[in-house]
Amino acid sequence: MKRVIYVDNAATTPVSPAVLEAMLPFYKEIYGNPSSIYSVGRKAKAPMEDARTKIARCLNAQANEIYFTSGGSEADNWAIKGAAHLMAQKGKKHLITTAFEHHAVLHTMQALEKEGFLVTYLPVHENGIVRPEELESAIRSDTALVSIMYANNEIGTIQPIPELAEICRKHGVLFHTDAVQAVGNVPIDVKAQQIDMLSLSGHKLHAPKGVGALYIRQGLVLPNLIDGGAQERNRRAGTENVAGIVGLGVAIEEACAGMEERNRRLCAMRDRLIEGALQIPRSRLNGDRQQRLPGNVSLCFEGIEGESLLLMLDMKGICASSGSACTSGSLDPSHVLLAIGLPHEIAHGSLRISLGSQNTEEEIDQILEELPKVVSYLRSMSPLWDHITKNDRN
Amino acid sequence: MLYSEKVMDHFANPRNVGEIADADGVGEVGNSKCGDIMRMYLKVENDVITDVKFKTFGCGAAIATSSMATEMVKGKTISEALKLTNRAVMEALDGLPPVKVHCSVLAEQAIKAAVADYYTRRGIDPTPIVGKIPECEEGHCGV
């Protein structure tokens, strides 16, 4: 089989060997239900609490502020619906978010709009970054919650979270951040940064799929999203995904411990990739050049369409993704690229390469070798490219 | 979303890509806002399509349906080519995912647009023969 270059780490990551190793006993010997009193159950409890401590340490939270969930989407739903319903009891029914959130946030907001909440969608501008002064002027006396993602999943831009959260604290508004793409990649301190709620997901940082967590600041009691048993201190029912939780603990510890060194390496590869790819005529980098995730490269190539670019790259053994509509089953281009002001025809030709710790310099060489060839092949058969180049000549 | 092997074959090795410099008819359908544009070139001798080429901007299905449509009309008479339906193109490709059906519609329209141009160049009003080719509206490609 052809060697595969996997550069879609913002979609998901491979489980790290140490994570898998740590998880296996909980599928074999220690299979008990952590709520049971006999030893095979009891033995599952302590490692779970250990994982909670590891996550808390990475975020500078307390262990009792971490609640395990099935992943990022559940954490987002719980935080936003919970905070909205809590504050609605005090007559506050206005919510603020941004135009380029993940659908786990956007669709949750839309569900709340149907319930009668009013939502303001802040613009993110050409650089893909929210302006704190625009947040401040959007806040009203009945604003219940602000939810702004830490880093964007498509274009990788990192938001000024400390400034945004400070504004919220000043006005007595709850602040939630979907940090699914940021945790393990960016230093986060929920106390110093005044974050009230933060969502994270395991499979973006080399833990398995199906596990995540919500940080909820102590003193804030959200209504439950999932009712049932007494798990997670009566706040999130359901028998715990013990192996997944243990894996998440190991993964987050690995991610946070090696962050600085890994980021130095990733940023160097990312920058080389960006510089190389921008040699291609009529290409552009989406989102701010500096304020972006260490592994994120988001590009648009005029005159070609994203899905055919991805399929072509896949035939060369390169697994990447696109903001293109075609992959999501809709005919509209990515809402993120439209939110940063790209016209439809350019937004159709997008490519997202997201690097992870397992990627190598040789792989970057390979991508820089293949990408220009694929783009120029697709352009050679594109009538749109003819139109563009004809306009150039005129 | 999964493409059939036939779609992938026509995407990876598209037939009849290119232009015909002295074409007898050229048709272009779709628009860049929708994310697909197809352009077809025809060479016609004694009412028979002797050569056909295409250029397409679009997704995998757009390229594959263009390629298949050119194969299906090459060597056919004009009236046979006008009978080509999007359904026939789809069937020849062993099906398309539901969101990609519009690509086959575009391929059918591209052939019709090229034939219409062929008639127009000969001073014949194509509308009674070819019918009306719908414009691609914003956000609604084909279907």
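Student: Which residue is the bridge partner of A:Arg284 in strand 10 of chain A?

Tutor: A:Cys300 is the bridge partner of A:Arg284. Note first that this is a predicted model, where local features need pLDDT of at least 70, side-chain atom pairs count only at pLDDT 80 or more, and totals for chains, interfaces and linings use all residues. Residues are numbered from 1 along each chain as written, chains are lettered from A and ligands numbered from 1 in written order, and side-chain values use heavy atoms, without hydrogens and water.

Student: Which sense does the pairing of strand 9 and strand 10 of chain A have?

Tutor: Two strands pair if DSSP finds at least two bridges between them. Strands (E, at least two residues) and helices (H or I, at least four) are DSSP runs, numbered from the N terminus. Here, strand 9 and strand 10 (residues 296-301) of chain A pair in the antiparallel sense, over 3 bridges.

Student: What is the order of the open sheet of 3 strands in chain A?

Tutor: The order is 9-10-12, with antiparallel pairing. Strand 9 (283-285) and strand 12 (350-354) of chain A each have a single partner strand, so one side of each lacks a neighbour in the sheet. Neighbouring strands are turned by 25° against each other on average, direction ignored. Axes are lines fitted to C-alpha atoms, for helices over the stretch in contact; angles run from 0 to 180 degrees between N-to-C directions.

Student: Which strands does helix 10 of chain A touch?

Tutor: Contact means heavy atoms within 4.5 Å. Helix 10 (residues 306-315) of chain A packs on the sheet and touches strand 10 and strand 12 of chain A. Its direction makes about 45° with that of strand 12 of chain A. Helix 14 (residues 361-380) of chain A also touches strand 10 and strand 12 of chain A, at about 25° to strand 10 of chain A.

Student: How many salt bridges does the rule find across the interface of chain A and chain B?

Tutor: Side chains of opposite charge can pair when their charged atoms come close. The rule asks for a side-chain nitrogen of Lys or Arg within 4 Å of a carboxyl oxygen of Asp or Glu. It finds 3 across this interface. B:Lys100 and A:Glu307 meet in a salt bridge, 3.3 Å from N to O.

Student: Which helix of chain A gives the most to the side that touches chain B?

Tutor: Helix 10 of chain A does, with 5 residues. In total, 23 residues of chain A are in contact with 27 residues of chain B.
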